Amino acid sequence: MSLPDLPDLPESVGPPGLPDLPDLPDRKETEVRRMLAGPYPLVPPDLAARAADRGRRLLAHRILRHRLGWLLALLALAALCWLVMDRPWLPPPAHTTPPVEGW
């Protein structure tokens, strides 16, 4: 059993009623091909050193923020413990007893 021959599809399939547009080169593809075929830009000789320095700075800042966060959490925990143990919202205890009346 053989399949029937299918009709050839038109080259450009667009919305019905509009004229076929000529094949235009893709602008992005043309620009990429031009960039790849053209002269390559020079890379600064100290690019690797600058990238390594920037990476070290970013890592140092990250470690500093991490340590400061832990220090802040530890200080908050210490303040919470002090509040629970000392209870500064209560009035101070009286050092003398009130006079006894009615004996």
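**Salt bridges along the helices**

Mentor: Let us begin with Arg33, which at 56% relative accessibility counts as exposed, because the cut-off for exposed is over 50%. The model is a predicted one, and the side chain of Arg33 in it meets that of Glu29 in a salt bridge, with 3.0 Å from N to O. Glu29 counts as partly exposed, at 40% relative accessibility. The two residues are four apart in helix H1, so about one helical turn separates Glu29 from Arg33.

Arg27 forms a salt bridge with Glu31, and here the closest N and O atoms are 3.8 Å apart, a value to be read against the cut-off, which is within 4 Å. Arg27 is exposed, with a relative accessible area of 57%, whereas Glu31, at 34%, counts as partly exposed.

The count of salt bridges comes to three, and one of them joins Asp53 to Arg56, with the closest N and O atoms 2.7 Å apart. Asp53 and Arg56 are three residues apart in helix H2, which again makes about one helical turn between them. Asp53 is partly exposed at 37% relative accessibility, while Arg56 is exposed, with a relative accessible area of 55%.

Buried residues make up 1% of its 103 residues, and its accessible surface comes to about 11200 Å², of which 68% belongs to carbon and sulfur atoms. For H2, the end C-alpha atoms are 58 Å apart, which agrees with the 58 Å that its 40 residues should span at 1.5 Å a residue. Just after H2, Arg87 takes a positive phi of about 45°.

Charged pairs are one part of the picture, and nonpolar side chains are another. Leu74, Leu77, Leu80, Val84 and Met85 make a nonpolar surface patch of about 550 Å². Val84, for example, lies in helix H2, which runs over residues 47–86, and Val84 is exposed, with a relative accessible area of 53%.

Note on methods
Residues are numbered from 1 along each chain as its sequence is written. This is a predicted model: local features need pLDDT of at least 70, side-chain atom pairs count only at pLDDT 80 or more; totals for chains, interfaces and linings use all residues. Side-chain values use heavy atoms; hydrogens and water are left out. Patches are made of residues with over 30% relative accessible area and no salt bridge: like charges are joined within 9 Å, nonpolar side chains (Val, Leu, Ile, Met, Phe, Trp, Tyr) within 5 Å. Accessible areas come from the Shrake-Rupley method with a 1.4 Å probe; for residues, only the protein chains shown count as cover. Buried means under 20% relative accessible area, exposed over 50%, partly exposed in between (1.4 Å probe, protein chains only). The expected span of a helix is 1.5 Å times one less than its number of residues.
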